[in-house]
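The following paragraphs lead through one protein model, from a single loop to the overall fold, and then to a helix, its side-chain pairs and the pockets.

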Amino acid sequence: MEKSHSILKFYLSTTDKLNNKLLYEYIVQEARKQGISGVTVYRGIMGYGLSSTIYSSKFWELTEKLPVMIEMIDETDKLEAFYEYLEPELLEMPKGCLITLDPITIKLHKSGKH
């Protein structure tokens with residue numbers, strides 16, 4: 001039987017922290033420790049969440065708070081387990097975030113030459 005794959009996405013802010021570390025760095029480091037096959041962090045240039053406060057990276061604004069999306073693709077079971085591992089700490093955070101898990105079809109997964 002073929003294994004199912006999914007994409008796990010975290011939507012948060014560049015200033016969010018967990019255990020005195022930037023949240024996006026913490027998640028990437030934990031994903032690597034847990035053996036998640038690939039993770040990418042994207043920094044947005046503009047966005048808002050439930051607060052409806054718009055944050056942007058216009059050069060005249062001094063805010064460092066920008067939207068961040070972390071995307072990881074792997075077997076669905078591994079991503080579910082990773083989320084369950086993080087969930088207690090995420091629920092304790094004072095800041096909000098959004099996390100989604102969607103099934104995907106991998107058409108090609110080719111390693112490059114080292």
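Asn19 is partly exposed, with a relative accessible area of 48%; here buried means under 20% relative accessible area, exposed over 50%, and partly exposed in between, computed with a 1.4 Å probe on protein chains only. The residue sits in the loop between β2 and β3, where strands (E, at least two residues) and helices (H or I, at least four) are DSSP runs numbered from the N terminus. With a relative accessible area of 78%, Asn20 is exposed.

The model is predicted: local features need pLDDT of at least 70, side-chain atom pairs count only at pLDDT 80 or more, and totals for chains, interfaces and linings use all residues. Residues are numbered from 1 along each chain as its sequence is written, and side-chain values use heavy atoms, with hydrogens and water left out.

The protein contains two helices and eight strands, arranged along the sequence as β-β-β-α-β-β-β-β-α-β. Its C-alpha trace spans about 50 × 35 × 25 Å along the principal axes. Of the 114 residues, 26% are buried. Among contacts (heavy atoms within 4.5 Å) with a separation of 6 or more, 72% are between residues 24 or more positions apart.

Helix α1 covers residues 23-33, and its buried residues are Leu23, Tyr26, Ile27, Glu30 and Ala31. These residues lie on the same side of α1 because they cover an arc of only 130 degrees around the axis, the arc being that of the directions from the helix axis to the C-beta atoms. An α-helix has 3.6 residues a turn, so residues three or four places apart point the same way. The partners against which the buried residues of α1 pack are the strands β1 (5-13), β2 (17-18), β3 (21-22), β4 (39-43) and β7 (67-75), together with helix α2 (76-92). Just after α1, Gly35 adopts a positive phi of about 80 degrees.

Glu30 also takes part in a salt bridge, with Lys33, at an N to O distance of 3.2 Å; the term denotes a side-chain nitrogen of Lys or Arg within 4 Å of a carboxyl oxygen of Asp or Glu. Both residues lie in α1, three residues apart, about one turn of the helix. Glu30 counts as buried at 8% relative accessibility, whereas Lys33 is exposed at 63%.

The whole structure holds four salt bridges. One of them joins Lys3 to Glu75, with the closest N and O atoms 3.7 Å apart. This pair links distant parts of the chain, since Lys3 lies in the segment before β1 and Glu75 in strand β7, 72 residues apart. Lys3 is exposed, at 54% relative accessibility, and Glu75 is partly exposed, with a relative accessible area of 25%. Another salt bridge connects Lys78 and Asp74, whose closest N and O atoms are 3.4 Å apart. Here Lys78 is partly exposed at 33%, while Asp74 is buried at 6%.

On a 1 Å grid over the protein atoms alone, a pocket is an open set of points where a 1.4 Å probe fits, with protein on both sides within 12 Å along at least five of seven lines, and lining residues have an atom within 4 Å of a point. Grid points are joined across faces, edges and corners, and a volume is the space filled by probe spheres set on the points. Asp74 is one of the residues lining the second largest pocket, together with His5, Ser37, Gly38, Ile73, Ile104, Ile106, Leu108 and His109. That pocket has a volume of about 180 Å³.
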